[in-house]
Amino acid sequence: MPGFADLAMVTIDCADPAALAEFYAGALGWEIAHSQAEYAMLANPVEGGAPIGFGRVDGYRAAPWPDPNGSKQFHLDFHVDDVELAVARAQELGAVRPDHQPGEGWTVMLDPAGHPFCLCPR
C-alpha cells in the first residue's frame, strides 16, 4: 500500500544546534546547509534525500543511557566499514562510548548532546 507522505526532514532536539550539526557533518561527510543559534541543518547529498535538522530547546537534557524508565526518544543507526575505526573517529568528533553495550556486532555511542546512535558493520 503506498504511503500518503514523503519524509521531508528529521529534526533532532538539542541545546546547541550548530555544535551538533558540526558533529554529524563530520560523522557523515555532509555539508552544513544552515547554521545559527536556534537551528542548523545538514544537506543530504542523495538527490531527494531528507536533510537532518537540529533545533534548540531551552533546558534540553538528554535521556540517560541506559534509561531504566525506557524514555529513550530515538536513535540513529549508521553502517560503517570498520566499527572500531568509526568509534575512534566519532570520539575525535566529541562522541562518547558508554560502558553499557546491549548487543554484539555494533557499538552504541552518545553524540555530544547525549543522543545514542549505533555504529553497525556494513
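**Close-up views of a predicted model**

**View 1. Strands β5 and β7 run in parallel.** In this predicted model, β5 and strand β7, residues 116-121, pair in the parallel sense, with 5 bridges between them. To find your place in the pair, look for F78, which stands opposite L119 in β7.

View 2. A disulfide needs the two sulfur atoms to lie within 2.5 Å. The structure as a whole holds 0 disulfides. C118 counts as buried because its relative accessibility is 8%. C120 is buried too, with a relative accessible area of 17%.

View 3. Start with strand β2 (residues 31-35), which pairs with β3 in the antiparallel sense over 4 bridges. These two strands, β2 and β3, form a hairpin, with 3 residues between them. Within this pair, S35 has A40 of β3 as its bridge partner. Next, follow β3 to strand β4 (residues 52-56): this pairing is antiparallel and has 4 bridges. Here M41 stands opposite G53 in β4.

**View 4. Strand β3 has a covered face and an uncovered one.** Which residues of strand β3 (residues 39-43) make up the covered face? They are A40 and L42, while Y39, M41 and A43 make up the uncovered face. Here is a handy rule for reading such a view: in a regular strand, side chains alternate between the two faces of the sheet.

**View 5. Helix α1 and the glycine that follows.** Helix α1 covers residues 17-28, which makes 12 residues. From its first C-alpha to its last, α1 reaches 16 Å, close to the 16 Å expected at 1.5 Å a residue. Which residues of α1 are buried? The buried ones are P17, L20, A21, F23, Y24 and A25. As you look along a helix, remember that an α-helix has 3.6 residues a turn, so residues three or four places apart point the same way. After α1 comes G29, with a positive phi near 75 degrees.

Note on methods
Residues numbered from 1 in each chain as written. Predicted model: local features only at pLDDT ≥ 70, side-chain atom pairs only at ≥ 80, totals over all residues. Heavy atoms only, no water. Pairing = 2+ DSSP bridges. Buried < 20%, exposed > 50% of the residue type's maximum accessible area, 1.4 Å probe, protein only. Expected span 1.5 Å × (residues − 1).
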